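Please examine the following protein chain together with its coordinates.

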Amino acid sequence: MTTTAQTGSRAPQLRPISPAGHRHADMDAGSSAAVRLREIPFAQMLAIRAEPGSPMAAAVEAEVGRLPAAVKQVTVSQQATTCWLSPDEFLAVLTDESLTAAAEVAETIMAHAGSASGHVLDVSANRTTLELAGPAARDILESSATIDLHPRMFPVGTAVATNFAQTQVILHKIGEETWRILLRSSFADYVVTWLLDAMEEYRD
């Protein structure tokens, strides 16, 4: 996420610019009944390193809820949706959408954790989220994903860090035909272009 300054008689105010904002019209035009693409920008995200059962994990769970315990697992609380990335690494997407939420939660966790091993960082500006939905969504993802996306192997509520379109992403299945792709902001334009090209054959 980048920002621009709005100037006038008052002090400059910063407003966020979504990484794929310039492609929203393209996404609308490229969507169809078979598959739809949109960006969900400005999600508040925390990168978490904490050994399960450690003081750091306890401080984290007090603020964002229970951490997932196994590969592909996702936990959901009132505060966050948290994805398992490795035995001591997690990504939490906060339900609070205010632009300072992640920074404030990270500061609170680190204050409570004291000198405990581990860390929590606000990485909201580091990623954006694309949502791909519709009957053809899985087929499109499978054309480049390096993992098995069959419902037996990847049910609703599953998330995993993987390669997609030669890019590192976190793939989260939130519905039977709905997937979220959490990716580095700098790759947003490239991945949108790749998806729109793959969606072309499904246009009405």
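Q: In which strand is the place of Leu-182?
A: Leu-182 lies in strand 12, which covers residues 178–184. Strands here are DSSP runs of E with at least two residues, and helices are runs of H or I with at least four, both numbered from the N terminus. The model is a predicted one, in which local features need pLDDT of at least 70 and side-chain atom pairs count only at pLDDT 80 or more, while totals for chains, interfaces and linings use all residues. Residues are numbered from 1 along each chain as its sequence is written, and side-chain values use heavy atoms, with hydrogens and water left out.

Q: Which residues does Leu-182 touch, not counting residues up to four places away in sequence?
A: They are Met-45, Leu-91, Val-93, Arg-127, Thr-128, Thr-129, Val-169 and Ile-170. Contact means heavy atoms within 4.5 Å.

Q: What makes Leu-196 buried or exposed?
A: Leu-196 has a relative accessible area of 14%, so this residue is buried. Leu-196 belongs to helix 5, residues 188–199. Leaving aside neighbours within four places in sequence, Leu-196 is in contact with Arg-23, Asp-26, Met-27, Gly-30 and Leu-37.

Q: Into which domains is the protein chain divided?
A: Domain 1 comprises 20–41 + 125–203 and domain 2 comprises 44–123; such bounds come from an automatic or database domain assignment. The contact takes 13 residues from domain 1 and 11 residues from domain 2. The C-alpha centres of the two domains lie 24 Å apart.

Q: What area do domain 1 and domain 2 bury between them?
A: The value is about 920 Å², 69% of it on carbon and sulfur atoms. Buried area is the accessible area (1.4 Å probe) that two parts lose on being put together, summed over both. In domain 1, Arg-127, Ala-159 and Ile-170 lose the most area to domain 2, together 36% of what that side buries.

Definitions and conventions
Buried < 20%, exposed > 50% of the residue type's maximum accessible area, 1.4 Å probe, protein only.
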